[in-house]
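The entries follow in the order in which I made them.

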Protein chains: 2
Amino acid sequence: MAQQARAQATRDAIIRGAATVFERNGYGLASIADIAAASSVTKGALYFHFQSKDELAHAVIQQQHELSFSAGATVLEQGRPALESMLLLCASLGRQLVTDPVVQAGIRLTTEVSNFERPITDPYRDWLNMFEDLARRAIEDGDIAPAVDPEMLAHFIIPAYTGVQLVSATLAGRADLLQRIREMWIVLLPGIVPAERYESLKGLSGLIPAAA
Amino acid sequence: MAQQARAQATRDAIIRGAATVFERNGYGLASIADIAAASSVTKGALYFHFQSKDELAHAVIQQQHELSFSAGATVLEQGRPALESMLLLCASLGRQLVTDPVVQAGIRLTTEVSNFERPITDPYRDWLNMFEDLARRAIEDGDIAPAVDPEMLAHFIIPAYTGVQLVSATLAGRADLLQRIREMWIVLLPGIVPAERYESLKGLSGLIPAAA
């Protein structure tokens, strides 16, 4: 058991080291030697856990998605109204993107399609399904106007969020990310909430903090 | 003169060949040999024009941005109301993304930040400035509500568009890109046009064709 726990700890350390190197150098220029050094393991120990850079990248993406989705589950367990949950989920992933190297690298690897033979699609589908479900519930709650198509809304919000974080990373090293996520909702809310509820719901953008 | 024209034609062919290879293999896996083959020039001729893969990638991005921005200038010269121009610009770049390999590769290289020592930021700034100016004019025209902050709106639309095209490329090989751009505007319009003008302006999303 102690040996298993040690193996798991080594594996986690390698994933964290790989994330740091992928985020700093990009996938193309990242080397196994750099990743071993960043993880404080030997190349031999690294190869015991991962066969290739490709496998490491997929492990980083998987761990990021688990981290982000389990933080999302915590938000959903609070049982808030669905529209509030949508904003809190955006804030939750935003905070992870500002603070957690595994999340930073996982999202970057996911959006840099050319690194892989096949593009990474599962995380997008998970978030699209979650947001489509939340949009439906928000319509039932009366917080999103019945004229809004929940599939269309989810299929705009997830790509829009993807772009907001990418451009914030590119132009500002993510320094303005939470502010930009909040602005995304300031722009969106007037068009999706029922007109008569806008005054009472417009404050929801304040759920997204200005800083992590 | 004939020699100069020939050199320019060779340069253009190399940029087009590089775009095809970058788009097919990604920047990391693209080789100078593949690019020379795709351009039907010798490696010697290629090195006469471009010193490195990095220089080729920057040339593809520059040519893409010129192509996209000059198509944008053609839209602006039509002298349509500013809000219409915003939608037509999105449609124009969308059509290029579906049909032109140089535009496909240029946008992909721009969004795959890790390929370069410094991220590509100028194209974003050009589009942000153009859309902020158009949003201001649309407010003057009465087509965007005065409560909308034009800088905030532009700084959401450009990242959102970036994400919409990226996710369409990832999940659908861009087959649904124009439809997704249209849906982006269907979601946005109710929140940004003055309430009393929504009925007469909601048809604007039809400016974006379903297919290129």
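**Entry 1: a helix in chain A**

How many residues does helix α7 of chain A have, and how far does it reach from its first C-alpha to its last? I found 20 residues (122–141) and a reach of 29 Å, close to the 28 Å expected at 1.5 Å a residue. The expected span is 1.5 Å times one less than the number of residues. Helices here are DSSP runs of H or I with at least four residues, strands are runs of E with at least two, and both are numbered from the N terminus.

Before going on I noted the conventions. Residues are numbered from 1 along each chain as its sequence is written, and chains are lettered from A and ligands numbered from 1 in the order in which they are written. This is a predicted model, in which local features need pLDDT of at least 70 and side-chain atom pairs count only at pLDDT 80 or more, while totals for chains, interfaces and linings use all residues.

I looked up which residues of α7(A) are buried, and they are Tyr124(A), Trp127(A), Phe131(A), Leu134(A), Ala135(A), Ala138(A) and Ile139(A). They cover an arc of only 140° around the axis, which puts them on the same side of α7(A). The arc is that of the directions from the helix axis to the C-beta atoms. A residue is buried if 20 or more other C-beta atoms lie within 10 Å of its own, exposed if 12 or fewer, and partly exposed in between, with C-beta atoms placed from the backbone.

On the face turned away from the buried side I found the exposed residues Asp122(A), Arg125(A) and Glu140(A). What covers the buried residues includes α5 (82–99) and α8 (150–172) of chain A, together with α8 (150–172) of chain B. Just after α7(A), Gly142(A) takes a positive phi of about 80°.

**Entry 2: chain A as a whole**

I counted ten helices and zero strands in chain A. Its C-alpha atoms fill a box of roughly 65 × 40 × 30 Å, taken along the principal axes. Of its 212 residues, 42% count as buried.

I then checked the confidence, given as pLDDT, which runs from 0 to 100 for each residue. The mean for chain A is 95, and 100% of its residues reach 70 or more. Within chain A, confidence is lowest in helix α1 (residues 2–29), at a mean of 91, and highest in helix α9 (residues 177–192), at 98. For the complex, the predictor gives an ipTM of 0.94 and a pTM of 0.95.

**Entry 3: where the chains meet**

How many residues of chain B are in contact with chain A? I noted 38 residues of chain B in contact with 37 residues of chain A; two residues are in contact if their C-beta atoms, placed from the backbone, lie within 7 Å. On the side of chain B that touches chain A, two or more residues come from each of α1 (2–29), α6 (101–111), α8 and α9 (177–192) of chain B. α8(B) gives the most, with 16 residues.

By class, that side of chain B has 24 nonpolar, eleven polar and three charged residues. Ala, Val, Leu, Ile, Met, Phe, Trp, Tyr, Cys and Pro count as nonpolar, Asp, Glu, Lys and Arg as charged, and the others, Gly among them, as polar.

I also looked up how the copies are related. A rotation of 180° with 0.0 Å of shift along its axis superposes chain B on chain A, at an RMSD of 0.0 Å. The two copies are thus related as by a two-fold rotation axis. The superposition is by least squares on the C-alpha atoms of residues with pLDDT of at least 70 in both. Of the interface residues of chain B, 97% are also interface residues in chain A, so the copies meet through the same surface.

**Entry 4: a helix in chain B**

Helix α4 of chain B (residues 53–77) has 25 residues and reaches 36 Å, close to the 36 Å expected. Its buried residues include Leu56(B), Val60(B), Gln63(B) and Gly72(B). The buried residues of α4(B) pack against α1, α2 (32–39), α5 (82–99) and α6 of chain B.

**Entry 5: two loop residues**

Ser40(A) is not a glycine, yet its phi is positive, near 55°. I found Ser40(A) in the loop between α2 (32–39) and α3 (43–49) of chain A. Ser40(A) counts as exposed because it has 11 C-beta neighbours inside 10 Å.

Arg174(B) also is not a glycine and has a positive phi, of about 70°. Arg174(B) sits in the loop between α8 and α9 of chain B, and is partly exposed, with 19 other C-beta atoms within 10 Å.

Methods: pLDDT = per-residue confidence, 0-100.
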